[in-house]
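Dear colleague,

Please find the structure below. My notes on it follow.

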Amino acid sequence: MKQETVRISIIGFGYVGSGVAEVIRRKREAIARKHGIDLKIVGIADLKGVIADEQGVSEEAIRALKAGEKQGDMTSLDIIRDVAHEVMVETTPTNVETGEPGLTHIITALESGRHVVTSNKGPIALEYQKLMELAAKHGKEIKFEAAVGGAMPIISLVRENLAGNGVMSIKGILNGTCNYILTRMAEEDLPYEHVLKEAQEIGIAETDPSKDIEGVDTAVKLVILANSIFGMNATYNDVKVVGISEITPDALKLANDAGYVIKLIGDVDSDGRLEVAPRLVPKDDPLNVGGTLNVATIKTDLAGEITVIGKGAGPIEAASAILSDIIGIYS
Amino acid sequence: MEDRSYFYLPPPITTINKKVITMKVSMSIELKDIPGQLVHALQPISNLGGNIRSVQHQRDKKTPSGRIPLQLVLEIEERSLNILVERLKERGVNVVRIGEERLKDSMVVLLIGHIVHSDLRETIDSIDSTGFAEVVELSLSMPGVDMTSSASVTLSAIGKEELKDALDILEATAEKKGIMVISSI
């Protein structure tokens with residue numbers, strides 16, 4: 001099989017970025033065999049510093065970067081612009097207000113003729129149309145499967161596997177933290193504050209959990225789905241958002257007695273409805289998944305309802321989606 | 001000192017089954033074939049505070065006795081129905097059949113907030129007064145005075161559209177009172 005070398009930069013080297021480096025290290029040979037592409041990481045940038053090597057960055061250099069040893073004087077933008085490569089992987093933390101620094105990274109990459117694969121929700125939710133136009137103008141692709149539902153495929157599922165179908169609605173659980181909290185509250189009959197504290201202790205909820213529990217994270221993901229699948233031009237402000245902090249153990253018990261569970265559901269449909277709210281889900285509905293799992297039911301005109309369930313978070317899970325996006329560009 | 005914060009006592013849950021106030025009725029009547037009979041027949045309904053939802057008048061079809069059959073759907077208070085039938089008979093209108101329209105579709109909705117303080121009765125009445133939907137069951141959970149209470153409400157309506165209308169009414173009422181509504185997917 002003819003081999004094509006695909007040079008990659010990883011901008012943002014936290015959990016997800018290093019997860020990408022890890023899966024590329026593990027899967028490089030198998031991907032070369034199966035898909036005929038040789039993935040080579042030629043640049044990594046993080047707040048701590050940057051490393052670059054045309055021959056592929058070494059394991060030692062990665063270790064040194066992780067250890068916080070200052071590496072060279074280049075910036076992330078220097079890597080994106082000046083180091084020759086094909087795909088820029090953007091994995092800096094999400095900022096839903098400004099989209100930065102991811103937005104500048106993505107724009108710079110497209111203008112420099114790189115494909116973009118990202119897990120970063122901010123830029124995609126804020127500037128979807130602008131970024132798509134820019135990508136088209138430069139003949140490059142921008143892919144973001146990892147931004148919605150982590151490892152769970154939704155965007156490529158609809159665009160590729162369900163091609164030809166009209167999509168009527170997508171509803172689901174797009175935030176693992178909220179799912180964990182509501183599942184624990186219902187199963188253990190514990191108050192919200194207690195379970196939140198527990199979730200923070202085991203690292204499922206962040207120290208400032210407001211983006212998750214107030215539904216902001218779910219809403220941002222919904223905006224991405226609305227724009228990329230339903231062709232809307234929506235922003236966060238178009239989403240009606242209610243979080244889970246008002247949910248009481250009593251309410252969960254009453255729901256249970258009536259045959260339901262309560263889940264934070266993101267709901268987008270072709271009529272333009274964009275809503276995040278706690279909803280009653282029948283216990284036997286496929287959307288009733290527990291723990292930190294994510295789930296989405298896609299309602300289509302031909303295939304009917306399709307439900308996907310998967311891990312919504314985690315470095316290797318997100319890296320899985322990023323890897324599939326990279327391979328997708330070349331197949 | 002023992003840490004008590006991990007204990008959580010579930011509150012008692014009470015269930016109230018409430019009485020039907022307004023009912024939806026379908027009625028087959030027969031009118032004499034002379035002018036003014038339609039108004040003559042419908043008048044007692046509005047006189048008794050009833051609400052006519054639909055009238056099917058088939059002039060070309062006549063009964064063997066030469067009367068004109070008429071199909072009515074109306075909402076009326078349960079206690080007024082018998083009076084209505086009497087008044088129709090007094091006016092020479094034949095009442096052939098009376099049937100109560102069934103509340104076919106149901107949904108469960110949860111409410112969270114200061115439900116009891118906010119006059120639950122008014123919220124229920126706002127649904128029941130529609131004539132096409134009602135609150136058929138209500139389970140209330142009150143952990144304590146001044147604490148947030150929760151309720152599960154079963155709404156029933158004569159059809160899916162009407163059920164959706166009933167939910168809209170409930171949501172609008174709840175929003176005014178600062179109560180959270182959790183609806184089914």
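**Domains, sheet and cores**

Domain 1 of chain A puts eleven residues into the contact and domain 2 of chain A puts in 14 residues (contact: heavy atoms within 4.5 Å). About 1,100 Å² is buried between domain 1 of chain A and domain 2 of chain A, and carbon and sulfur atoms give 72% of that (buried area: accessible area, 1.4 Å probe, that two parts lose on being put together, summed over both).

On conventions: residues are numbered from 1 along each chain as its sequence is written, chains are lettered from A and ligands numbered from 1 in the order in which they are written. As this is a predicted model, local features need pLDDT of at least 70 and side-chain atom pairs count only at pLDDT 80 or more, while totals for chains, interfaces and linings use all residues; side-chain values use heavy atoms, with hydrogens and water left out.

Now the strands. Helices (H or I, at least four residues) and strands (E, at least two) are DSSP runs, numbered from the N terminus. Strand 1 (residues 4-11) of chain A runs parallel to strand 2 of chain A, joined by eight bridges (strands pair if DSSP finds at least two bridges between them). V6(A) is opposite L39(A) there. With helix 1 (residues 15-35) of chain A, these two strands make a right-handed β-α-β unit (right-handed: with the strands pointing away from the viewer, the path from the first strand over the helix to the second runs clockwise).

Strand 2 (residues 37-46) of chain A has nine of its ten residues buried (buried: under 20% relative accessible area, 1.4 Å probe, protein chains only). A hairpin through two residues leads from strand 2 of chain A to strand 3 of chain A.

I8(A) lies in strand 1 of chain A. I8(A) counts as buried because its relative accessibility is 0%. Its contacts beyond four places in sequence include I24(A), L39(A), V89(A) and I326(A).

The largest nonpolar core has 80 residues (core: buried Ala, Val, Leu, Ile, Met, Phe, Trp, Tyr and Cys residues joined through side-chain atoms within 4.5 Å). Helix 11 (residues 216-229) of chain A gives the most to this core, nine residues. Another core, of 28 residues, lies apart from it, with I24(A) and V89(A) among them.

Best wishes

Note on methods. Buried means under 20% relative accessible area, exposed over 50%, partly exposed in between (1.4 Å probe, protein chains only).
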